[in-house]
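Hello,

Here is the structure I promised to pass on to you. Please open it alongside this note, and then read on for what turned up in it.

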Amino acid sequence: MFYIIEVFGTAAFAISGVLIALKKRMDFFGIIIIAFVTSVGGGTLRDLLIGVTPVSWMTDILYTYVILGASVFAIVFRNKLNYLRTSLFLFDTIGIGLYTVVGVERAISVGLHPLNCIAIGTITACFGGVVRDVLCNEIPVIFRKEIYATACILGGITYFILQYLPIEGDFIFIIAGLVVILVRLLAVIFKIALPNLYGNTGD
Amino acid sequence: MFYIIEVFGTAAFAISGVLIALKKRMDFFGIIIIAFVTSVGGGTLRDLLIGVTPVSWMTDILYTYVILGASVFAIVFRNKLNYLRTSLFLFDTIGIGLYTVVGVERAISVGLHPLNCIAIGTITACFGGVVRDVLCNEIPVIFRKEIYATACILGGITYFILQYLPIEGDFIFIIAGLVVILVRLLAVIFKIALPNLYGNTGD
Amino acid sequence: MFYIIEVFGTAAFAISGVLIALKKRMDFFGIIIIAFVTSVGGGTLRDLLIGVTPVSWMTDILYTYVILGASVFAIVFRNKLNYLRTSLFLFDTIGIGLYTVVGVERAISVGLHPLNCIAIGTITACFGGVVRDVLCNEIPVIFRKEIYATACILGGITYFILQYLPIEGDFIFIIAGLVVILVRLLAVIFKIALPNLYGNTGD
């Protein structure tokens, strides 16, 4: 089940990358690269930092197919993606929930301290977007809009608090992921009423 | 023989880095860094992604000597490099041909799927330039000019198609590399007649 | 003793990151990330290049506490940090001295050539700042102001020259580190009288 969620999350990340690359008027190759970077950049950095090589997405060809497929889809239907806006936002949000908890668990498996595990979870979920923004010559958007990363951090903290309760591993995984998703959803809804100081909106 | 080609390719990449760093009015240290990044950045990223450490260029001091030598040469003769323009372009093109196939073979050696091997080959040849452009605070030039990377991808595809024919390994290496070189040469010649939409020229 | 120096160096790097992030009007999360990147970015790149994973700072939670503590301190007292300007500069300078020699020794331990060891030492001391500047969408400041990195390179050269003299390892470590510190101090004092071509000042 998680595998299916991951596919949708990966696709949503890829499509968000395509949309940004199109705005920057990149060519086909550039668009594909930005799609990959957005999707797998966070997981790649996680794997490099904790020492998992070849990096995960390289050893499972499914990611490559999903990202290529989603990218071509997004390029072809680029003028109609507005209709999918809400779906994409939901997939993307579910994606960061999943990526965060997967990252936390991978960090635990190499014996890191909980604080650093939460950092790795957040990196997994957020740094694809950071590298994407760097390649697009922008200051990373998440450095100016706290809630995205904060949702991941809160999810990570939840994960470790739940360790002290008599709850099964799978449920901890799901609850921590849901915390990420809920915080982000609430943050976006809340933002509609309360724009931040710098006047950024959307994602 | 490949070793000698690699030396010339490495030098050509380094010199192209120096020229761009000079344009950005960097100091001596900055110029050397950009030369290194342009030369070995792609191979470094490849080694990190597939898990070869210490990264290759660090374990063979020849690269360091070649890059330092080529950089000092380029800085000293910076006003006369125009005469070498065609030679540099040729070395650079031969370099990406070689780097692409070397990258593909390294990726095969760790058991990656052909699609990801082609990606690794393309990363080896192109990402030094990407990191160079990021450090120079530009959107990477190859994201806006498709042919550079497309040549690498076509060379990588050729490599895998040739596996099905009764051809020896060394010839496959050479033919795939030549495909990269030819596609790029033809693309550049073709471009003279057909500038792209964004008005970029040169490399 | 080195450990205590490292704590102060790490804190000074973190605070310098915070100050730059504040100038860029980043939010809390962005500031923390820039603090981490400035502090541990160089060591992280070193560890990745030579193949030490999980990267060093991830396996010793002290770094995380020091960086978080220093960052919160710097954010709270951001309007009063001017009084600490000289102390911060000194900690930062001692930090690069220490980081350089630590980097050189780690590179020796994996058997690299002295030239590449010096490169690794310089990377350890300088590349946190490079990644920080890239994330802040600036051309890295050290590429335009030679002395910072030159100090590290001279310290690294000193380290290897001292190998030929009958001096104990710990003294070599200290002398090489002091060379970095002295060169940088002299460079800054010298700069007061001789601003460079591009009109940059400060760090």
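This is a predicted model: local features need pLDDT of at least 70, side-chain atom pairs count only at pLDDT 80 or more; totals for chains, interfaces and linings use all residues.

Let me start with how the copies are arranged.

Residues are numbered from 1 along each chain as its sequence is written, chains are lettered from A and ligands numbered from 1 in the order in which they are written, and side-chain values use heavy atoms, with hydrogens and water left out.

Chain B can likewise be laid on chain A, by a turn of 120 degrees and a shift of 0.0 Å along the axis, with an RMSD of 0.0 Å. These two copies are thus related as by a three-fold rotation axis. The C-alpha of chain B nearest that axis is the one of N137(B), 3.8 Å from it.

Next, the interface of chain C and chain B. Contact (heavy atoms within 4.5 Å) involves 26 residues from chain C and 25 residues from chain B. Only 12% of the interface residues of chain C are also interface residues in chain B, so the copies meet through different surfaces. The buried area, meaning the accessible area (1.4 Å probe) that two parts lose on being put together, summed over both, is about 2200 Å² here, 69% of it on carbon and sulfur atoms. On the side of chain C that touches chain B, at least two residues each come from α2 (28-50), α6 (114-135) and α7 (147-162) of chain C. These helices are DSSP runs (H or I, at least four residues), numbered from the N terminus. The largest share of that side, seven residues, is supplied by α6(C).

What holds for chain B and chain A? There, 26 residues of chain B are in contact with 25 residues of chain A. The area buried between chain B and chain A is about 2200 Å², and carbon and sulfur atoms give 69% of it. Zero salt bridges are counted between chain B and chain A, a salt bridge being a side-chain nitrogen of Lys or Arg within 4 Å of a carboxyl oxygen of Asp or Glu. Chain C and chain B also have a count of zero salt bridges.

Finally, one residue to look at inside a chain: S71(C), in helix α4 (residues 61-76) of chain C. S71(C) counts as buried because its relative accessibility is 0%; buried means under 20% relative accessible area (1.4 Å probe, protein chains only). A polar atom of the side chain of S71(C) lies 2.6 Å from the backbone oxygen of I67(C). Leaving aside neighbours within four places in sequence, S71(C) is in contact with A14(C), V18(C), I32(C) and A35(C).

Technical notes
Buried means under 20% relative accessible area, exposed over 50%, partly exposed in between (1.4 Å probe, protein chains only). A polar contact is a pair of N or O atoms within 3.5 Å; within protein, one must be able to donate a hydrogen and the other to accept it, and residues adjacent in sequence count only if both atoms are side-chain atoms. Copies are superposed by least squares on the C-alpha atoms of residues with pLDDT of at least 70 in both.
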